[in-house]
Amino acid sequence: MTTTQRILDLAAAAPARHGEDLVLLLSEANELYQQGLQDLRRNVAARVDKRITMELMGAADAAGMPCDASADRDEVILLLALAEWEMTPAAMAYTEMAEDAARRGVCLIPED
């Protein structure tokens, strides 16, 4: 099963879950979200290997992810990957799942 399919399955199951069950689903989806983003970051890094960092900064800005002039190449590549990743069905499903969980009082960030 792909990362995307698993996130979509978790997102589909989430509305029927509550409490700790929802936290477990959200936690698994979060791990898969991070894995998918890192996989895409590696792909983006390979794709832009020959491009200069300033050119990548312009591409990040055009993608709606402006970066500070002090950003290093890895940070810019991560911004490019994030811009691309956020448009995937997996990332959109995870975001919707997390927002719905938050509306129901469930969050992965522990309370102090």
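Helices (H or I, at least four residues) and strands (E, at least two) are DSSP runs, numbered from the N terminus. By that rule the protein has five helices and zero strands. Along the sequence the pattern reads α-α-α-α-α. This is a predicted model, in which local features need pLDDT of at least 70 and side-chain atom pairs count only at pLDDT 80 or more, while totals for chains, interfaces and linings use all residues. Residues are numbered from 1 along each chain as its sequence is written, and side-chain values use heavy atoms, with hydrogens and water left out.

Start with the overall picture. The C-alpha trace spans about 50 × 35 × 20 Å along its principal axes. The protein has 112 residues, and 31% of them are buried. Buried means under 20% relative accessible area, exposed over 50%, and partly exposed in between (1.4 Å probe, protein chains only). A contact means heavy atoms within 4.5 Å. Of the contacts between residues at least 6 apart in sequence, 61% join residues at least 24 apart.

Now take helix α2. The expected span of a helix is 1.5 Å times one less than its number of residues. The 29 residues of α2 should therefore span 42 Å, and its end C-alpha atoms are 42 Å apart, which agrees. Its buried residues include Leu-22, Leu-26, Leu-37 and Val-44. The buried residues of α2 pack against α1, α4 and α5.

Look next at α1 against α2. Axes are lines fitted to C-alpha atoms, for helices over the stretch in contact, and angles run from 0 to 180 degrees between N-to-C directions. The axes of α1 (residues 3-13) and α2 (residues 19-47) come within 10 Å and cross at roughly 155 degrees. That makes α1 roughly antiparallel to α2. Angles under 35 degrees count as roughly parallel, over 145 as roughly antiparallel, 65 to 115 as roughly perpendicular and the rest as oblique. α1 passes α2 in a left-handed crossing. A crossing is left-handed if the near helix is turned anticlockwise from the far one by less than a right angle, and right-handed if clockwise. On the α1 side, Thr-3, Arg-6, Ile-7, Leu-10 and Ala-13 make the contact. The residues of this contact divide into seven nonpolar, three polar and two charged. Here Ala, Val, Leu, Ile, Met, Phe, Trp, Tyr, Cys and Pro count as nonpolar, Asp, Glu, Lys and Arg as charged, and the others, Gly among them, as polar.

Thr-3 sits in α1. It counts as buried because its relative accessibility is 18%. Beyond residues up to four places away in sequence, Thr-3 touches Leu-32, Gln-35 and Gly-36.

Turn to α2 and α4. These helices pack at about 120 degrees, with their axes 8 Å apart. They are therefore oblique to each other. α2 passes α4 in a right-handed crossing. The contact residues divide into 11 nonpolar, two polar and three charged.

Helix α4 (residues 73-85) has 13 residues, which should span 18 Å; its end C-alpha atoms are 18 Å apart, so the two agree. Val-76, Ile-77, Leu-80, Ala-81, Ala-83 and Trp-85 are buried in α4. Their cover includes α2, α3 (53-62) and α5 (89-103).

Finish at α3, where Thr-53 is found. Thr-53 counts as partly exposed because its relative accessibility is 25%. Thr-53 touches Arg-73 and Val-76, leaving aside residues up to four places away in sequence.
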